[in-house]
Amino acid sequence: MLSSLLSPMYATLPSPFLPKSIHAFSPNKTSSSLRTSAQAASFKSATATESNSAAVALAGSLYEILRVERTASLNEIKTAYRSLAKVYHPDANGSSSDGRDFIEIRNAYATLSDPTARAVYDMSLGVRARRVRTRAYPIRRWETDQRRKIRDYSPFFAIDVWTQMLCFIGGN
Amino acid sequence: MELLDFGLFFFLFSLNVEEFEEMAEPAYTVASDSETTGEEKSSSAFPEIAIGIDIGTSQCSVAVWNGSQVELLKNTRNQKLMRSYVTFKDDIPSGGVSYQLSHEHEMLSGAVIFNMKRLIGRVDTDPVVHSSKSLPFLVQTLDIGVRPFIAALVNNVWRSTTPEEVLAIFLVELRVMAESQLKRPIRNVVLSIPVSFSRFQLTRIERACAMAGLHVLRLMPEPTAVALLYAQQQQQMIHDNMGSGSEKIALIFNMGAGYCDAAVTATAGGVSQIKALAGIATGGEDFLQNMMRHLLPNFDNLFSSRGINEIKSMGLLRVATQDAIHKLSFEESVQIDVDLGNGLRICKQVSREEFEEVNQKIFEKCESLIIQCLHDAKVEADDLTDVIVVGGCSHIPKIKNLVKSVCKRELYKGMNPLEAAVCGTALEGAVASGISDPFGNLDLLTIQATPLGIGIRANGNSFVPIIPRNTTMPARKELVFTTVNDNQTEVLIIVHEGETEKADENHLLGYFKISGIPPAPKGVPEINVCMDINASNVLRVLAGVIMPGSQQPVVPVMEVRMPTVDDGHGWCAEALHRAYGSTLDLMTVQKK
């Protein structure tokens, strides 16, 4: 158990996401900055252990974890998360999971259920698959998501996203 | 279809069986399921259904899944809610489950210990312990961070005891009661606990359970137990074609005699995802103490000597005040007339307004707790589907009004405020025991969140959370730290739990040292601290050292199960600081 715990743990070093850079970008204060960095780290650790070379293979992996289409609506994502939780959560009836699967599902959900994080992630997929789009990010996603969250959107977001992206790729 | 006879229980509705054929389990799943369950679940052919216990500061109750619904167990006096106290009058102590006080005033003889939930796992510098000094038994403090001395007066002798012992005596009575009714041995339990309990306090609850021969399957923050009951009710509504399957966001506010908790839950399909938790050690007891001091302003001076007469007077005042507070929930004003002995008599008319004024600060605290919880959950009052208020204080008009005004909603009516928490623990008990219900009534899941942040001391006396508050469990997170001195070969990892920025103001969970770091300039070695909480809420802290250019740890990684501290943890952090100063400090890694 120890070794399985440790390998992903050290695979994340050095983490490209440091609290400071995230903080500048994150629309939410304090605790979310740490959480975001940790999520990014665990996302990376999950992917890094699966495949170190083929970036393309990573494309859609969070969607694959949740078993939804890339075009899935927020509601579909929530429903998928719940039904997977009922199977993979250690408390779920008949589950023999130790919780690691659920943590991965949870991390995928945390990214995909947050419109901002999802947009960043979607772009990272585009970049990784060498399908860099010149036209910023898929705006359509935002409209399908909760309207309230759009208020958090800052006009500087697009710039920050790219800084963030470069940091993300550079660290890989 | 006898199972459909739900009569007594308001929270169970009749079922439409055809509705959910897909979910229905084959008829004989109970035995086969047990073979594939995890370590937590029963390994016998017939899984034992864990019972749910709500140990309240003033009252407690037991419930169990009886195969088709949750049932509250009654004691021999036909009570579902039993007073939480233990009397040391005779050689064998007895508790409120079996023992009937001859009179309310017997509670105040000095021989009866109660409010143990306020005292358990606290050190004598804790303000909650200090406020317990007005209880009619002995609570002695030395104010240095050790456990308080607690004693009952038996035949004019102060007989020492501990909150764990008192709780264990009480739990044994509850166990015996449940065993005689269910006609089977009881071992596994799910207990509800206040949100603000530290992990050290949880170990004390587990200790008390172990003393009573009980194994804790889960410790559930009280509002999350209520959330599970709510999730089940919503499922029932869907089955009855009365509700929609969409996600429902509920705020749960729970205020009992000792604690006040809030939670936001997002529920759909029987899954209750806890989005945020918040809690404080404030409850009905604080209303009572404020009122006692209001009625008798020189209360503390009068009763400082704590002789038999003082204890008696204090007790008389307590009963009269308690009674008045109860009445003020239904009446605009109440007459208090009580003779405290020694020529001391209180004769006063008290209005509800006066009560609300005296306790203004408590109401404000409750309000900010709800606001904080909504904020942490990133939920606006308008997003809420339901607002649930439970607990002994839920009948206080001002409490209801303030929750209504913050949440801009009428209150949910589908729950008995005094039984909701115990029903939720019984549901969790059945689910965690691996029981399934052919009608899908146990097709439930609670996804818990951490009520307090967990982190380490770094950057001087700063608390750096690694698993922040309200992180979904199970959880695993890590952060990288480094050394503060050149050629620093050792670091001290001090693990705290709490919310304040200064590490030493948070609860200490434990500490350990990493040795053998190769000499290097400060800031070079990378110390990776990883925290892991499993679904049973067991916390493990792992720490390893990586030198630049290497991917392998240079010394064996430390893995420590927390909390490791025992009694005296109040002064432990201070002693560590005195002994080591900043020689073994850490700091967070800055961006390069």
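Residue numbers start from 1 along each chain as its sequence is written, chains are lettered from A and ligands numbered from 1 in the order in which they are written. Because the model is predicted, local features need pLDDT of at least 70, side-chain atom pairs count only at pLDDT 80 or more, and totals for chains, interfaces and linings use all residues.

**Stop 1: chain A, coloured by confidence**

The mean here is 56, with 38% of the residues at 70 or more. Now pick residues 1-59 of chain A, where pLDDT is below 50; beyond near neighbours in sequence, this stretch has 80 contacts in the model. Two residues are in contact if their C-beta atoms, placed from the backbone, lie within 7 Å. Residues 131-172 of chain A are also below 50, and that stretch has 38 contacts beyond near neighbours in sequence. Where pLDDT is low, the predicted coordinates should not be read in detail.

Switch to cartoon view: chain A has ten helices and zero strands. Helices (H or I, at least four residues) and strands (E, at least two) are DSSP runs, numbered from the N terminus. Of the 172 residues of chain A, 37% count as buried, meaning that 20 or more other C-beta atoms, placed from the backbone, lie within 10 Å of a residue's own.

**Stop 2: a helix pair in chain A**

Select residues 74-88 (α6) and 100-112 (α7) of chain A: their axes come within 10 Å and cross at roughly 170°. Axes are lines fitted to C-alpha atoms, for helices over the stretch in contact, and angles run from 0 to 180 degrees between N-to-C directions. α6(A) and α7(A) are therefore roughly antiparallel, the word for angles over 145 degrees.

Show side chains at the contact: A:Ile77, A:Tyr81, A:Leu84, A:Ala85 and A:Tyr88 in α6(A) meet A:Asp101, A:Phe102, A:Ile105, A:Tyr109 and A:Leu112 in α7(A). The contact counts nine nonpolar residues, no polar and one charged. Here Ala, Val, Leu, Ile, Met, Phe, Trp, Tyr, Cys and Pro are nonpolar, Asp, Glu, Lys and Arg charged, and the others, Gly among them, polar.

**Stop 3: the three-stranded sheet in chain B**

Move to chain B, where an open sheet of three strands runs β8-β9-β10 with antiparallel pairing. Strands pair if DSSP finds at least two bridges between them. At the edges are β8 (138-140) and β10 (157-161) of chain B, each pairing on one side only. Three bridges link β8(B) to β9 (residues 149-154) of chain B, and B:Val139 has B:Ile150 as its bridge partner in β9(B).

**Stop 4: the five-stranded sheet in chain B**

Another open sheet has the order β18-β13-β14-β15-β19 in chain B, with mixed pairing. Its edge strands are β18 (386-390) and β19 (445-447) of chain B. Select residues 248-255 (β13) and 260-268 (β14) of chain B, an antiparallel pair with eight bridges. B:Ile252 stands opposite B:Ala263 in β14(B).

**Stop 5: an enclosed strand in chain B**

Finish at residues 453-458 of chain B, strand β20: six of the six residues are buried, so the strand is largely enclosed by the rest of the structure. β20(B) runs antiparallel to β23 (residues 491-498) of chain B, joined by four bridges, with B:Ile456 opposite B:Val495 in β23(B). Five bridges connect β20(B) to β21 (residues 462-467) of chain B, again antiparallel. β20(B) and β21(B) form a hairpin with three residues between them, and B:Asn459 in the turn has a positive phi of about 50°.

Terms used:
Parallel < 35°, antiparallel > 145°, perpendicular 65-115°, else oblique. Buried ≥ 20, exposed ≤ 12 C-beta atoms within 10 Å, placed from the backbone. pLDDT = per-residue confidence, 0-100.
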